[in-house]
Amino acid sequence: MKYFLTACLFLTALPAWADDAPAAAADVQPAPLTEPEALKWIQQLDDRQRNSGDYKTVVYIERKERNKNDVVFDALVFRRDADDKLMILFEAPKSEKGKGYLRVDKNLWMYDPTTGKWERRTEREKIGGTDSRRADFDESRLAEEYSIKYEGPEKLGAMWTHKMTLTLKKGVDAAYAKLVLWLSTTSGNTLKKQEFADSGKLMRTTYTPKWAKKFSPSKKGDVWTPKEIRIFDEVEKGNSTTILLKEQDLNALPANLFTKAWLESQSR
Amino acid sequence: MILIHIALRNLLTHKVKSAIVGGLLVFAAFLIIVGLSLISSIDSSMSKSIVNSVAAHIQLQQKGAKDELSIFGQMGSNEIGYIHNFPEIRKALEALPEVAAVVPQGIDSSIVFGGNVLDVKLEALRNAVKAGDKIQTDVVRRHVRRMVALLDDELKNLKGFTDQEKMSDDMKSGLVDVTQANQPAFWDSFDQDPYSHLEFLENKIAKMAIGEDMLMLRYVGTDTERFRQVFDRFEMVDGTPIPPGQRGFLFNKFTYEEQVKHKTARRLDKIRDRLAEGAKVATDEEIKQWIKLNRTQYKEITFQLDDVATDAVKAALQAELASQETDLAKLVDAFMDVNDANFAKRYALFYKVIAPKIRLYGIRVGDTMTINGFSQSGYATTVNVKMFGTFRFHGLDRSTMAGAFNILDLMTYRDLLGYMTADKKAEIAKLQAESGVKELKRDSAEDELFGKGGGEVVEDTSDATPAQAAAATPTDAPAAATPTVVAAGNGGTGAKAFAKSLESHVYSQAEIDGGVIRNIAIMLKPGVDVKDGMIAVNRLIDENKFELKALDWRAASGLVGNFIGVIYAVLAFSIFIIFLVSLVIINNSLVMSTLERTREIGTMRAIGAQRTEILWMFVVEAFVMAIVFGAIGCAFGYGLVAYFGHFGLLAGNDFMVFLSGGPRFYPALPPWGLPVAMLAVMIVTLISTLYPAWLAMRITPLAAMQDSE
């Protein structure tokens, strides 16, 4: 009996011990988190998506707007998190091929090969005119950029989640002043996110139902990335954007890739 | 005749009553004459402004479109639909005897990003490096180096005033970067690796130089040649018209001066204009503000000067200010501190010495500019287009509303519109099919994704081999695409070369007319009434089953077109109130007068006057009052209108310029104005008389006698 009780205690504690990620079943109401625990969850969310090396993925972006034609792009996204660098290179349709965004430090540049011009864009830039923002493709820096407040457990569909409100820290430039997140109690991933403007107006609701994890040789651990992002525009009701991220690659990218010259060379 | 005699006698006998009632009638008649003249003249001037600048007499848009065309309405493009069969519509319209000309159009807004001054200069340096032009590279590099030195000085000064602890990490690292870029070693090694140096300057240094120019441009995409011929208010100011069939952009001179001109120069122009109107620097708050901005924003000048120009400007300013100061920023600051006495001299000196050495206009005639559009389908579109010159709408130079319209060729307009062709649609559909994305409705999204049967999906893709990952890349590995320096202009066969080739391409009339447009402007022949034109056009639309809706210029111009209706309403309301007050006062006065005349009326009845004769006596008295005082009021009103009709009334602001169709407003009385005013005065007077007349009719001789007792 003594061994049985020890075994039960061991099995109960095992999930938390085995991984930092919480392991409560999705259909069981979880115990509320303390504020330090909530912060830890967000830090872990950032950390799990961060790769110490490089990152490349193929993305498909589809924007649907009421009474308008659909906007669709195929693009490549390159990231070097250690240097805060990001590049989005459009591949299709033909009219968009060669266009791209380059983020170096706090500069977000847009390049159009038909004009040969580089232009500075802001954090609020709608990527390719869709509802997506630079941050949707970039490294997650929530703990660094936002203050976290835990709201409590909440049901999302049939799943239990932890709900948190994140407020932008002073002096940080980000697309949204406030975020509300619903985190999976089983994986710790963000399943739903609402983004609010300075005025408090709800701007977007984003669902991230599919995630992928991949072993990173440089990080020597798993890197988690969204596989599917569904963005609903809350200002222009009826407009939405879907992003599929496919074929993630964590191998090292060429050193000179995150430069204007490289992006320009892709459309010659 | 006897009744008129009695009426005149009564008017003279009851002088106070006559003065009060007469004064009101004079004022009412005066108001009607002046009001009708104003309305009629504004309507006529505004129609010239609107019809002969952009709108023409009639506009056509797609029938059933979500929004109605509003030419002077909101910025950005409305959902006014598309017109695909312009050649067919044009042919049918031009066959109508009422129609003089048909012009295809599309009105939209776009952004032109200027970048900050350092960004612009770095772009020039990058282009020079890419072109392998060593002389140009050297010239621009020296200028950039000077700008970096100025920036470093400025930031160091700023550092002295700023609490270091409160400074953000970005600012701290930025200061270090700027200092590094200001070291001789940085510039000595520039030639060894120019691209790395450029990346450093573009990403680390340029962001520290604040101030980005962004132009919001409203334009009419049109067949530029036909537009020029049909709209007679159009006239070129600088440069040349867009050659027939070619791509190109024309700035409205108003927009060009307000938005594209160097800000310091523009403020000096405004001060000059304001002083010419009689304002004084010492008392005009706006002039003081402009001077303050010119002094504090000295960088707009100092950043643009290279070494040689700096020395020349320094020497000129030292001489003007009789100063030994060597700091150019301080010299510019002192130079811009103008007053009534020295303004004219400094203004002239600015244009003689400084203006030729700076970029007076961000975009110059002959430049190729990049326009960023937000297409109807959602794509962010960008095109390069040559700026051929500036134009104005005659008489509307100062009008913000007319001055906001620039002109763009129809082919470029269509590129910016990003209209989905059948090919594009098919390509999009193929991409969508390949993606396998299932549409998700907003309302049921949560249940579909996370409800029963749904839930989070986590894939472990760690097993994917490097070969699989490599295969995912649709292009060659980036490493294989290490850039090589390509001379500017060789372009190869890429998108840029194709875009460049379009600049000189001459499109046929069939190509210009053949694509999609948003609206059609119809100019009617002289003497054809707009109503008749609308009837003819609507009949043609019905007969040909065109999916079009016709709007007259008033409806098509949006709120502005309805402005005349608002003025009508305000005037009508004012006149209604005046007449209501007049009615009550005249009525009261006549009632009092009737009571005073009880004996007289009773006596008249006693000697045989009938009730109808008493009634006629009051009616005639009312008419005499209306004619005498109405005529006086009309004369005053006509005199005032004639005076301003001859000398004109200065249009005080931009909107008034638009309403007046020019800098001065010349009111004129319409031919029907006088009869309408007299008729209105007569009707009101007559109504006011009815109750007192009814009272008078009821007076009997007995009552009159009792009253006298």
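In which loop of chain B is B:Lys545 found? B:Lys545 is found in the loop of chain B between α24 (530-544) and β11 (548-552). This is a predicted model, in which local features need pLDDT of at least 70 and side-chain atom pairs count only at pLDDT 80 or more, while totals for chains, interfaces and linings use all residues. Residues are numbered from 1 along each chain as its sequence is written, and chains are lettered from A and ligands numbered from 1 in the order in which they are written.

**Chains**

- Chain A has 5 helices and 13 strands, and chain B has 31 helices and 13 strands; helices (H or I, at least four residues) and strands (E, at least two) are DSSP runs, numbered from the N terminus.
- Of the 268 residues of chain A, 52% are buried, as are 37% of the 709 residues of chain B (buried: 20 or more other C-beta atoms within 10 Å of the residue's own; exposed: 12 or fewer; partly exposed: in between; C-beta atoms placed from the backbone).
- In chain B, 81% of the contacts with a separation of 6 or more involve residues 24 or more positions apart (contact: C-beta atoms, placed from the backbone, within 7 Å).

**Helix pair α14(B) and α16(B)**

- Helices α14 (residues 307-321) and α16 (residues 343-354) of chain B pack at an angle of about 160°, with axes 10 Å apart (axes are lines fitted to C-alpha atoms, for helices over the stretch in contact, and angles run from 0 to 180 degrees between N-to-C directions).
- α14(B) is therefore roughly antiparallel to α16(B) (under 35 degrees is roughly parallel, over 145 roughly antiparallel, 65 to 115 roughly perpendicular and the rest oblique).
- B:Val313, B:Ala316 and B:Glu320 of α14(B) meet B:Leu349, B:Val353 and B:Ile354 of α16(B).

**Helix α4(B)**

- Helix α4 (residues 117-131) of chain B has 15 residues and spans 21 Å from its first C-alpha to its last, close to the 21 Å expected at 1.5 Å a residue (expected span: 1.5 Å times one less than the number of residues).
- Its buried residues include B:Leu118, B:Leu122, B:Leu125 and B:Val129.
- B:Gly132, with a positive phi near 70°, follows α4(B).

**Backbone exceptions**

- Most residues other than glycine have a negative phi, and most peptide bonds are trans.
- B:Lys545, not a glycine, has a positive phi of about 55°; this residue is exposed, with 7 other C-beta atoms within 10 Å.
- B:Ala322 likewise is not a glycine and has a positive phi of about 50°; B:Ala322 lies in the loop between α14 and α15 (328-336) of chain B.
- The peptide bond from A:Ala92 to A:Pro93 is cis, with omega near 5°.

Terms used
Two residues are in contact if their C-beta atoms, placed from the backbone, lie within 7 Å.
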